[in-house]
Structure formats: C-alpha cells, structure tokens
Amino acid sequence: MTQSVGQSVPHDAAIGHVQGNAYYLDDLPKLQGELHVGFVGSPIASGKIVRVDYSKAISLTGVVRCFTVKDVPGHNVFGIVVFDEPFLASEEVLYIGQPIVVIAAESVEAIEQAKKVIEVECIPTQPILSIEESIQHQKFLGPKRRIARGDPAEAIAAATHRLHGLFRSGGQEHLYLEAQAAISYPGEQGQITIHSSTQNPTEIQALVSEMLGVGMHEVVCICKRMGGAFGGKESQAAIPAMMVALVSFHTGRAARVLYDREQDMASTGKRHEYLTDWAVGFEPDGRLVGLKADLYSNGGASTDLSLAVMERSLLHSDNCYFIPNVEVTGQVCFTNIPSNTAFRGFGGPQAIAMIENIMESVAQELGIDALLVRRRNLYGEAPADVTHYGQIFSENKLAQVFDKLEATSNYQLRRDAIREFNKTSKLFVRGLAMTGIKFGISFTTKFLNQGNALVNVYTDGTVQVSTGATEMGQGVNVKIRQVVADEFGIPLSRVVVMATSTEKNNNTSPTAASASMDLNGAAARNACQQIRERMAVFASHRFASGPEGIVASPTHIVFENGEVLDRRRPQDRVAFGPFCAEARRERIDLGARGFFATPGVDFNRETGKGSPFFYYTQGATVAEVEIDRFTGQSRVVRVDLLIDIGDSINPAIDRGQLIGGFIQGMGWVTNECLVYDAKGKLLSNSPTTYKIPAITDLPEVFNVEFFPNHDNQQNIRGSKAVGEPPLMMGVAVWAAMKDAMGSISKLSSSALNLPATGEVLLECIGLGFHEKVSLEDASKTQLEEVVT
Amino acid sequence: MKQDISVYINGKHYLITGADSFSTLSDFLRNRLRLVGTKIMCSEGDCGACTVLVGRRRDSCLGVLAHIDTNSHNAETSPDGNTTGLSWEYRSVDSCIQFMFQLEGAHVVTIEGLKSDDSFGQSLTHIQQAFIDHQGSQCGYCTPGFVMSLAGMRESNDKLESHEIREGLSGNLCRCTGYVAIEEAASDESFSRQKVMADSYCHDAMNAILDSRINDDVLIELPETTSENIAERLAFMPASLEPALTFLSMYPQATVIAGASDVGVWHCKSGFHPKIILCINRVTELQTFYAPNKAFDGIERESSLVLGASLNWESIREACREWIPQFDSFLTLFGSPQIRHVGTIGGNIVNGSPIADSLPILFALDARLRLASANGDRRVPINEFYTGYKKNVMQSGELLTHVELPIPKDAEILKLYKISRRRDMDISTFTAAIAIQLKHDSVSGFKTVDSVRVALGGVGPLVIRASKTEAFLLGREWCESVATEAGAIAATEVAPITDVRGSEKYRRTLTKNIFQRFFFETSFDCSKALQI
C-alpha cells in the first residue's frame with residue numbers, strides 16, 4: 001500500500017459538496033421552538049444613542065423579544081488584544097450597522113417587520129472616515145511599531161538616486177459565500193452549545209462565556225465547516241455567536257442567526273486599506289541602499305487584530321529584498337467603519353505591494369527592466385541573508401525560483417514583443433512583470449504557535465481524529481487524515497476527522513497564519529505516535545517467540561498495509577482491526593492527546609527583533625496584462641506561477657490553494673473596490689456592486705508549477721504552508737499594470753495606486769501624453785510586416 | 001381557470017396554493033421541501049449558488065423560442081414523437097429570484113434531483129464525479145450551483161470548449177478555487193456520458209398531468225383572512241394575450257412580471273411584495289419571433305425583426321444571430337446565463353433603467369414598440385418612449401407586446417459597447433451603440449459620414465441619442481480628428497452622475513473616448529494578436 005501523504009486525494013467533504021448535502025449552518029434542521037435572530041444596527045457612523053424603543057416591535061405577531069446592552073448578563077466589551085469592542089452598542093455608536101438591538105422572532109418575516117418599527121435615535125458627531133483624517137486628529141489604535149536596521153536617512157541622502165511618494169492600497173471584502181452565522185442550543189443548568197461558522201472556536205467559547213458571565217467549561221463551541229472564511233471569521237464570527245447565545249440564555253430556546261449579504265458586508269470588517277509614505281535611495285544599477293516607510297492602516301472602530309496585521313506588514317516590507325538600511329514604522333488608524341480584520345495574507349499583501357511599487361518606480365526612474373532591479377536586490381549569501389528584523393533567511397531558493405520562471409515564462413522574448421506591441425497598437429497597451437514572495441510562516445504572537453489533537457482508535461481499527469483546525473475549504477481535514485492514516489499504516493478510509501469542538505480540543509489557536517496544518521497536523525501525529533508506542537510494546541510481546549529466539553522488542557514492530565507485524569517474523573502478522581480489539585482486551589489505552597509547539601520562534605515587538613518564522617514559503621509570478629487605452633478596461637493575458645511548498649502532503653489540494661489564492665489576490669489588485677459614501681456607509685455592499693473575479697476573468701494562459709524542494713524536513717512531512725502566500729503572487733498583476741502605465745508616461749505610472757480598476761487606469765492614462773503613433777506610422781508598420 | 005400551480009420538482013408533482021405561490025423558488029425548496037442543497041448567498045441572482053434547472057415545454061414556456069410561422073401555427077414535431085408537438089427544454093435559473101407562481105407547467109430539478117445510472121448507494125453523476133476527481137470544490141458552498149449550471153449546459157452539449165465553459169459559468173461565483181479546477185472538471189471527457197434530463201425523468205407522466213392545463217389561465221387569490229400580517233394578494237397567469245389585457249384593464253395597478261429578474265431582486269432586497277401580479281411568461285403571443293420578410297399584421301416589414309416582449313435574452317440572441325450578430329455577441333455580457341434564461345427584452349425596456357444593456361442598440365436602430373390594451377394597439381418609437389428616469393408613455397392598462405427592431409443596413413458599421421467594473425456579470429457603468437455609414441468620395445478620396453446614429457447609456461437619467469454629435473458628424477470626413485471632436489461634443493450632451501459604479505468624470509471620459517475607439521476599431525485591423 002502506498003502512503004497517503006503525497007497523494008492527491010479529494011477533499012474530505014467532496015462528495016457532500018457535489019451532492020449538496022455537506023451542511024452549512026443554515027442547512028441544519030430547525031429544532032422545535034427555535035428562534036430566528038436578527039438585529040438593528042446604528043444608522044450613523046459616529047454619535048451618541050439617546051433613545052432606543054422597540055416596544056412596537058415586541059407587540060408584533062411572531063416577535064418574541066428584543067434585547068439591548070442592558071440584557072447582557074456578563075461583559076459587553078471584548079477584544080483579542082485590546083478590550084475595546086462592544087458586543088452591543090451602549091452609549092456610543094462607532095460605525096454604521098453596529099448592532100444595537102437584537103431581535104428574536106418566530107420567523108424571518110417577523111424580523112423584517114420588527115426592523116421597520118424599532119426606533120433608534122442618535123445625536124451624530126463628526127465621524128473619522130479616512131486614514132488622513134485619523135492622522136490629522138492623531139486618533140490611533142495601539143502604539144506605533146517600528147523595525148529598523150542601519151541608518152536609512154543617511155543612506156538615502158548619500159545614494160545616487162532618490163525617490164519618494166505616497167502609496168495607497170485598498171481594502172478587500174472577504175466575500176466568503178456562507179455569511180456569518182451561528183446557532184445556539186441551550187443545555188442544562190445554564191450550559192450552552194454554540195454552532196458557529198468560525199475559524200476560532202476557542203475564542204467563541206471564551207467570549208460567549210464572558211458575555212454570559214459563566215465559566216468557559218459551561219460553553220461548547222462546535223464548527224463542522226465554513227462556507228469560506230479567508231480570515232473574515234477569525235475574530236468576527238464572535239458577534240453573531242454572542243447574539244444567539246444571548247437569545248438562548250434569556251429564552252431557553254434554540255436560536256439561529258444568518259446575516260444577509262448586505263448586513264454581512266456592511267457590518268463586518270475587511271482587509272485593511274493602507275497608506276504608506278515611502279522614500280528610497282538607490283544606485284544606478286538598481287541596488288537599494290536605504291528604505292524608509294511609514295505605514296498607516298485603516299483599522300476601523302476597534303483594535304481587533306489590526307496590531308498583529310500591522311506587525312506582519314512591517315515584517316514583510318522587505319519582501320524578497322535585502323536592503324541594508326531600513327526603517328519601517330506602522331500605525332493603526334481609528335476610523336468610524338467596522339473594525340478591519342484578518343484577511344488571507346494578514347498585512348503581508350499591503351507591505352509586498354508597497355515594496356513592489358518601489359521596485360517598479362525605481363525601474364521607471366532608471367529606465368531599466370524592473371526584473372533587473374528585483375534581481376539586484378534579492379536576498380543572497382551572508383551578509384545579505386539577514387532580514388531587517390534579524391532573522392537569518394536560510395534555505396533561500398529565490399534566485400533559483402526566479403531563474404526557472406524567467407526561462408519557462410519566456411520573459412525576455414515577451415518583454416521585447418510587448419515593447420514592439422505598445423509602439424504600434426492604437427487600442428491597447430500591455431505590461432509585464434515578475435514578482436516574488438517570501439512569506440514567513442508562524443504566528444508572530446509566539447504563544448499561538450501550538451496545537452493539540454485527540455486521536456481515538458476503535459476496536460475495528462478505525463480512527464477518529466479531532467484537532468483545533470477548522471475546515472473552511474482549504475482541505476486541512478483531508479491532510480490530517482492522510483498524516484494519521486500513514487502513522488498507523490492504514491487506508492485513508494479508516495480515518496475520519498471530526499467536527500472541531502472545544503469539548504475535544506481546548507485552548508486552540510485560530511485556523512490562521514497558514515499554519516493550521518503545521519500545528520494541528522503535527523499534534524495529531526504526536527498523538528498517533530503515543531498510541532503507536534503503546535501498541536508497539538503490546539505487539540512486541542504478542543510477536544515474541546522463545547523457540548525462535550525473538551524477544552519482545554518494540555522497535556521492530558511495524559505498522560503498514562493495514563497490518564501489524566514484527567519485522568523479524570513478518571509471516572506472523574495481524575490485521576490492524578483485530579489487533580486493536582486484542583489490545584483493548586489487554587487494557588492498552590487506544591486514545592491519546594497530542595501536542596505540538598513550534599520550536600525556536602520568537603519576536604520582541606518592542607525592539608522589532610527576533611526570528612518569528614519557522615520557515616518561509618517562497619515563489620514567483622510572471623503576469624502579462626492588456627489595457628484598453630480608451631476605456632481603461634483590462635484583461636490578464638498570461639500568468640505563470642512557481643511556488644516552493646516543499647513536499648506537498650496533497651498536491652491537488654495545494655494546487656487549489658495556489659490558484660485560488662492567486663485569483664483572490666488578482667481580484668484585490670484589479671477590480672475589487674470598496675466604495676463608501678460621505679457619511680461612512682458602504683455602497684459596495686453586495687456582489688452586484690462589489691466584483692470578485694468571475695471565471696471569465698481567468699488569465700487566458702495560466703501555468704502553475706511547484707518548485708521541487710525537499711529541504712523543509714523540520715515541518716510536518718517536509719511540507720510547507722500554502723494558504724496565504726499565493727494571494728501575494730497576485731501583486732504581479734498589479735505590477736504589470738504599472739509597467740503598462742510606464743510605457744505611456746512616467747506620470748501615468750507613478751499615479752497608479754491599488755486597486756487598478758478600469759476607472760483608475762483610464763485616469764492614469766489620461767495623465768500621460770499619449771505616445772501617439774500617427775495613422776501613417778501605424779499603416780506603415782502594418783505594411784512593413786506584410787513585406788517582411 | 002385553475003386556482004393552483006401545477007409544477008413538478010425532481011419528478012414529483014405538486015399543486016401549489018396560497019402563500020406558497022408567492023414564495024421564491026429557493027425558499028420553497030429549502031423551507032418547505034427541505035431540499036437544502038440549493039444554497040443562498042446573495043439573494044439577487046448574482047452568485048449562482050442557488051442555480052436549479054427549470055424544464056418547460058417548448059411553446060408554452062418562459063424564454064423558449066417558439067418559431068411560429070405566421071401562416072400556420074403548426075408546432076414542429078418533437079424528437080420524442082410527442083403528439084402535442086411540445087418537447088422539454090431545461091435551462092439553468094437563479095432560484096432565489098424566481099417565484100413559485102411563475103412555474104406553472106414547469107419541472108424544477110435541483111441538485112438532489114440529479115440522477116446517475118447507478119440507482120444504488122452514493123449515486124454520483126458524471127459531472128459530480130468530475131468535480132471530485134478534479135478538486136473542483138473547496139468550501140463547497142458554490143458547488144451545487146456550478147454542478148447545476150453544468151447540468152444545464154449538458155442539455156444541449158456533448159462536449160464543452162473552453163470559451164463555452166467560461167461563458168456558461170459566468171453566472172456562478174466561487175471565492176475559493178480560482179475556477180481552474182472547475183474548468184477542468186467541466187472539460188472532463190465523461191461530460192458526454194452525463195444523462196440528459198430526457199433520459200433521467202419519465203416525461204410522459206408529467207405531460208399527461210401538465211398538458212391538460214396548458215391552455216388554462218391560472219389565478220391565485222390569497223384571501224385577506226388567512227393572517228393579520230398578510231394582505232390580500234392576487235396573481236394571474238394567463239395562457240394567452242386577451243385575458244392578460246382584460247386583467248390589466250381591471251387591475252391597471254398590477255405589477256407585470258415576466259422573468260422576475262428585477263422584481264425578484266426587489267422582493268429579496270427592498271421588501272417589495274406586489275399585491276396584484278400579472279405574470280405573462282405563459283402568454284404565447286408574447287413569445288413569438290418574426291424574422292424579416294415575414295408579414296406581420298398584414299404589413300410588410302422587410303427590414304425589421306419583430307420580437308415578442310416576453311422572449312428571454314437567450315432567445316433574443318438566437319433570434320438576432322443571423323440578422324444582427326453584434327447584438328448576439330454583445331448579449332453574452334448581459335447578466336449571466338441564469339439571468340438570460342429568464343430576463344426578457346420587454347422587462348428591460350419597461351423597467352427602463354438608464355444602464356439597461358439593451359437600450360442603446362434599440363435607440364440607435366430606432367426600434368419601435370408595440371403597446372396593446374383592451375382598447376387597441378399603438379406603436380411608439382423607442383426614442384419617444386421615455387419621459388424621465390424610469391418613466392415612460394405607457395398608459396394605464398397598456399402592455400408592451402412586441403419590439404420591432406430594424407436590422408442595420410449592410411454598409412452600416414454597428415458597434416456596441418458596455419463598460420463595467422468586471423467584464424461579465426456586472427451592471428454597466430457606461431453603454432454605447434454607434435452605427436455609422438461611410439461614403440467614399442471619389443474626388444477627394446476621403447471617406448465621409450453618410451449616416452450616423454449614436455446612443456449612450458449610463459450618462460444620465462435616460463438613455464439618449466447624441467443628436468448634436470450626430471449632426472456634427474454627418475457629412476464630415478471620417479478621420480481621427482473628427483472622431484476626437486465628436487467625442488468632445490458628445491461629452492457636452494451627457495449628464496452623468498457619480499455612483500458606486502463610477503465617477504461622473506469617468507463616465508464623461510468614456511463618452512469622449514468611445515468615438516476614438518470606434519474610429520480605430522473600424523479603421524484598422526486590431527484583431528492582430530500578440531503571441532509568443
């Protein structure tokens with residue numbers, strides 16, 4: 001039997017997915033008496049609540065009760081790092097849509113009726129709606145963070161060339177397909193079970209217990225699966241879970257909430273918008289000698305994960321480049337919009353876009369290909385292998401990855417062809433770019449780098465495994481199954497991964513930072529090894545034979561092909577199922593709890609120094625785009641992806657992560673555009689007005705490859721994390737847009753921010769001097785082509 | 001007159017009455033039948049998670065093109081030798097914005113209703129198996145919708161080319177996979193072995209039940225006594241035009257619904273639940289298509305297509321393919337397949353949004369609208385139809401029945417433009433239709449503008465004809481500077497606003513630029529692709 005690890009087995013729930021019977025929260029049958037839950041949010045972005053009146057609502061047929069902050073039995077204010085986020089607004093409102101009144105009703109229709117008659121009166125105050133306003137009022141969340149090396153000011157001043165500018169990257173809506181949802185089932189004596197669409201069951205458990213004023217041991221949180229999350233359910237699944245918990249607490253009835261799409265988009269956080277004030281100094285060959293960058297993120301109304309997101313930005317502002325003198329600072333801005341939050345990449349994309357913008361700008365300034373600039377700055381041998389925060393970048397594959405991709409993508413030939421095309425095409429302009437990624441794997445908050453697992457082996461030789469990892473489509477369940485199956489040498493079908501529950505795995509970390517397989521897979525493996533050790537001791541006695549001179553020796557026991565045997569007497573073997581039954585009869589413990597803590601990672605955020613990452617996932621992308629000179633509409637002509645993810649546990653799953661992440665990144669840099677009105681109301685609040693990539697937006701030519709690499713043996717089965725890194729490969733598409741703008745004019749190029757929507761591109765084109773090829777020239781070119 | 005809705009769901013017959021008739025299809029499936037494989041994401045027909053197949057008989061059904069010869073009403077003989085001459089046609093639709101009252105005579109197939117050859121155990125169809133084999137699902141929430149879209153495409157295809165897959169799945173959003181694996185699943189060679197609906201369900205039994213009512217009008221009345229919270233509601237689904245017009249003269253305030261691709265969204269999003277509904281998707285007369293050279297009402301209309309107002313966009317594409325190919329290809333950008341299977345040309349015109357994709361071409365080609373009421377008919381040029389933002393000249397009791405669309409002359413160059421944030425499945429920021437005819441001046445050797453018609457949308461409360469621009473262009477030499485100047489003039493004729501889809505400035509720039517683009521596009525061979 002071949003090993004499971006390394007095989008492209010289907011997603012754990014693939015059959016359920018295609019049959020429509022893999023249940024999401026709202027697909028669960030309703031209990032008798034179960035209540036529907038909805039809420040009324042703040043009508044304004046900033047102000048004081050003076051009156052809340054729901055008396056008309058509770059007189060409506062079907063409306064059971066309404067709740068406000070007064071009904072919260074425990075704590076109303078929570079937070080992951082800083083306690084500054086109210087569950088229900090009490091006196092002050094901080095953003096439009098902030099929950100104020102929770103409605104419990106017999107039907108969805110009754111909730112709609114109730115919403116119409118609930119009166120909320122507020123006195124508005126002037127909201128802060130932009131990074132600039134926040135800076136102006138010095139209204140920040142948390143302290144300023146800084147990472148520095150050398151003397152960038154002096155280095156920039158002494159450099160042959162200098163550039164500086166402002167760079168903005170926009171926010172991004174997660175647009176997970178299953179909206180925020182939760183169901184609560186009241187238990188006995190005040191206990192409660194919450195089913196939540198969450199990446200972080202432990203946090204839901206903790207927050208619900210704090211809100212209700214009960215112990216954590218009285219709350220269970222279960223997550224079977226999410227219909228997508230992407231970071232949007234790392235912290236922000238909490239409010240809906242608290243809503244249903246509050247309703248169940250007071251009514252003793254099961255309660256269910258499913259946000260509608262507008263509500264979800266309008267009242268939950270997104271990827272942080274960033275504004276960066278940057279300056280670089282560089283030499284004529286493109287080498288950067290100094291970088292200074294002040295990053296400001298739009299944090300929204302509460303801290304949430306913003307400080308950690310900013311920390312990752314500062315740690316990734318180098319991307320693939322060794323810059324001798326660096327000073328990067330980060331400040332999270334308070335604004336009156338829903339608190340921005342985790343989103344695949346977690347601050348990495350904004351920082352990488354920032355530095356890649358600099359790479360393109362430097363190339364423009366020097367009139368050389370940006371690829372040359374990038375290559376001249378790649379991390380290399382010592383001393384150019386130390387990051388600005390002091391971690392040694394070992395196992396650096398960047399140069400090899402760049403070499404390989406430059407060749408396979410035909411970069412140089414296409415570069416020449418595009419230059420020619422842009423000279424002659426009246427309608428279109430093309431751009432080409434190659435960017436890399438070096439994404440650090442581990443939570444930068446040290447204590448989160450742990451995982452535990454529960455493995456139960458049954459007497460028929462089947463196995464249940466439970467970990468803190470939640471399944472949101474990324475395939476962590478099937479990967480864990482593969483690892484566990486191999487540990488016992490049994491087929492994949494004999495292993496099932498159970499719904500994530502705080503009852504089985506306590507104090508778990510969120511499924512985030514791309515590290516859930518690394519942590520939980522390793523913990524599961526650890527549990528299996530414990531069981532196997534006990535089994536091996538038992539088996540060694542079972543297989544020992546006096547006449548043959550074979551003494552009991554656990555080291556000779558092998559678990560393979562669904563059988564257990566002593567290597568010295570392979571003919572006397574027993575199937576795994578009967579073996580487990582025998583072991584139980586001999587009172588061998590067939591269950592274990594495993595644990596894993598990532599070794600050697602730490603980071604001091606006060607000094608900005610440390611080695612926060614276990615390893616780096618690396619890769620590179622070549623993207624080619626075509627832009628309509630008259631409408632600004634663009635299309636992605638060709639993309640080549642190359643990524644080093646070590647020994648893949650499941651290549652098909654990882655390929656899905658790679659492509660899916662890239663396309664999501666492509667959406668962020670092109671057409672995903674958040675639009676608010678002057679009062680802070682989100683206008684792009686549905687898929688009608690917020691456009692994620694459709695199938696027709698796929699690159700016409702799309703080549704995807706893994707870079708062969710076996711050097712990451714410190715990680716589970718030699719694999720590397722793949723969840724977030726591909727998103728940042730999408731930055732190549734934006735860089736190609738910038739390259740295209742550069743062929744129109746320097747001004748067009750320097751004016752380009754992110755996202756590059758059709759409107760933005762057309763405006764940039766308008767800034768430039770059309771490199772007009774006269775009619776005669778164009779016809780002449782055509783003629784020449786015919787002649788040659 | 002029938003007082004219930006006769007519909008099949010996954011091969012099972014239902015007679016729908018009462019409040020259920022006004023429910024959306026997806027709510028009915030999920031809440032009444034607990035068929036929860038149909039997922040809800042956007043509730044506005046934008047994501048396709050709720051895609052199901054709706055099968056209807058040709059001739060009687062919404063959006064199925066009925067090629068009716070003017071002289072004889074003989075329906076074609078269907079392949080299965082059905083004596084009624086009606087055959088089944090299954091199309092994907094977004095069930096979140098379909099109402100139950102629209103489904104008289106239909107067979108709805110959901111993800112739970114897909115059948116494989118294997119009737120035991122975990123029976124997976126080939127499309128489903130291909131999704132598993134190619135890792136086409138990640139979180140899985142969009143998957144049933146994709147599978148159903150593909151099942152719909154299977155009805156008329158044995159094999160899908162890459163562009164067909166992309167076009168056919170443009171109404172299904174996936175946030176996880178990046179679509180490549182889905183595309184691979186759709187290209188799997190097993191696709192041709194997927195059973196079509198004709199082989200999955202026994203239609204004879206359905207025919208027997210449904211045919212008996214095919215010419216019956218259906219009226220659903222919801223008495224006000226049922227509940228305090230539900231007011232009196234009325235939905236009338238006539239089979240022919242005359243009762244429709246009679247109903248409309250009795251209830252001129254009725255909301256007229258054909259495909260519900262707008263009203264369904266209002267129902268889900270803005271709490272719009274009309275009390276009196278005239279549903280015209282069964283009215284045979286409104287689904288007719290007359291090709292040029294066919295007599296229509298005794299009048300020769302050699303150069304016009306006559307399109308029934310309830311023809312859906314997929315049928316309009318078919319109808320226009322031969323005569324106005326630009327419109328056919330332009331319409332691939334209209335909504336999504338699911339929307340094109342229900343949305344009608346009449347709905348687009350009467351709703352009258354200034355960003356309605358179909359309007360600029362109708363304006364540029366000087367389409368005429370035929371309005372009927374119990375008191376008689378009249379024709380109105382579309383250029384005189386609108387009186388203000390979403391306001392028109394229709395009078396109480398009038399119904400739009402047909403659109404007469406003059407086909408462009410051979411020498412006329414017609415280009416249609418739609419600018420939106422995302423190319424497919426997006427609402428326009430700006431639309432334009434430019435039709436121009438050039439004359440070669442043998443003396444000067446120049447080309448001059450012999451005739452020109454320009455219509456612009458998304459640039460004000462109404463779609464407009466750019467009359468000043470047209471006047472400027474007429475007779476001029478057709479060259480870059482003239483095109484540029486025309487754009488500048490057009491920019492003064494428009495009154496765009498800033499909204500979520502684009503700024504006033506952007507729309508004005510597009511207005512200005514589109515003439516240059518048109519010029520270059522029509523003066524050079526720009527199809528030359530750059531390939532390495």
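Visitor: What is the mean pLDDT of chain A, and what share of its residues reach 70 or more?
Guide: Chain A of this predicted model has a mean pLDDT of 96, and 97% of its residues reach 70 or more.

Visitor: And where does pLDDT stay under 50 in chain A?
Guide: Residues 770-788 of chain A are such a stretch, and the model has 20 contacts beyond four places in sequence for these residues.

Visitor: What about chain B, what is the mean there?
Guide: The mean pLDDT of chain B is 89, with 89% of its residues at 70 or more. Over residues 60-83 of chain B the pLDDT stays under 50, and the model has 55 contacts beyond four places in sequence for that stretch. Residues 526-532 of chain B also stay under 50, with 14 contacts beyond four places in sequence.

Visitor: What are the ipTM and pTM?
Guide: The model scores ipTM 0.96 and pTM 0.95.

Visitor: Which residues of chain A lose the most area to chain B?
Guide: Those are A:Val18, A:Leu177 and A:Ile695, which together account for 12% of what the chain A side buries.

Visitor: Changing topic to helix packing, how do helix 6 and helix 7 of chain A cross?
Guide: The axes of helix 6 (residues 201-212) and helix 7 (residues 238-251) of chain A come within 10 Å of each other and cross at roughly 45°, which means that helix 6 of chain A is oblique to helix 7 of chain A. Helix 6 of chain A passes helix 7 of chain A in a right-handed crossing.

Visitor: Which residues meet there?
Guide: From helix 6 of chain A come A:Ile204, A:Leu207, A:Val208, A:Met211 and A:Leu212, and they meet A:Ala238, A:Ala241, A:Met242, A:Ala245, A:Leu246 and A:Phe249 of helix 7 of chain A. By class, this contact of helix 6 with helix 7 of chain A has 11 nonpolar residues, no polar and no charged.

Visitor: And helices 14 and 15 of chain A, at what angle do they pack?
Guide: Helix 14 (residues 476-488) and helix 15 (residues 516-543) of chain A pack at an angle of about 25°, with their axes 9 Å apart, and they are therefore roughly parallel to each other. The crossing of helix 14 and helix 15 of chain A is right-handed.

Visitor: What residues make that contact?
Guide: Among them are A:Val476, A:Lys479, A:Ile480 and A:Glu487 of helix 14 of chain A, and A:Asn520, A:Arg525, A:Gln529 and A:Met535 of helix 15 of chain A. The contact of helix 14 with helix 15 of chain A divides into 10 nonpolar, four polar and four charged residues.

Visitor: Backbone next: which residues does a cis peptide bond join, and where?
Guide: One cis peptide bond joins A:Ala382 and A:Pro383, with omega about 5°, and A:Pro383 sits in the loop between helix 11 (370-377) and helix 12 (398-408) of chain A. A cis peptide bond also joins A:Leu754 and A:Pro755, where omega is about 10°, and A:Pro755 belongs to the loop between helix 20 (746-750) and helix 21 (758-767) of chain A.

Visitor: What is phi at A:Arg717?
Guide: Phi of A:Arg717 is near 55°, a positive value in a residue other than glycine. A:Arg717 lies in the loop between strand 31 (701-706) and helix 18 (725-729) of chain A.

Visitor: Why point these out?
Guide: Because most residues other than glycine have a negative phi, and most peptide bonds are trans.

Methods: Residues numbered from 1 in each chain as written. Chains lettered and ligands numbered in written order. Predicted model: local features only at pLDDT ≥ 70, side-chain atom pairs only at ≥ 80, totals over all residues. Heavy atoms only, no water. pLDDT = per-residue confidence, 0-100. Contact = heavy atoms within 4.5 Å. Axes fitted to C-alpha atoms, helices over the stretch in contact; angles between N-to-C directions. Helix = DSSP H or I, 4+ residues; strand = E, 2+ residues; numbered from the N terminus. Parallel < 35°, antiparallel > 145°, perpendicular 65-115°, else oblique. Left-handed = near helix turned anticlockwise from the far one by under 90°. Nonpolar A, V, L, I, M, F, W, Y, C, P; charged D, E, K, R; others polar. Buried area = accessible area lost by both parts, 1.4 Å probe.
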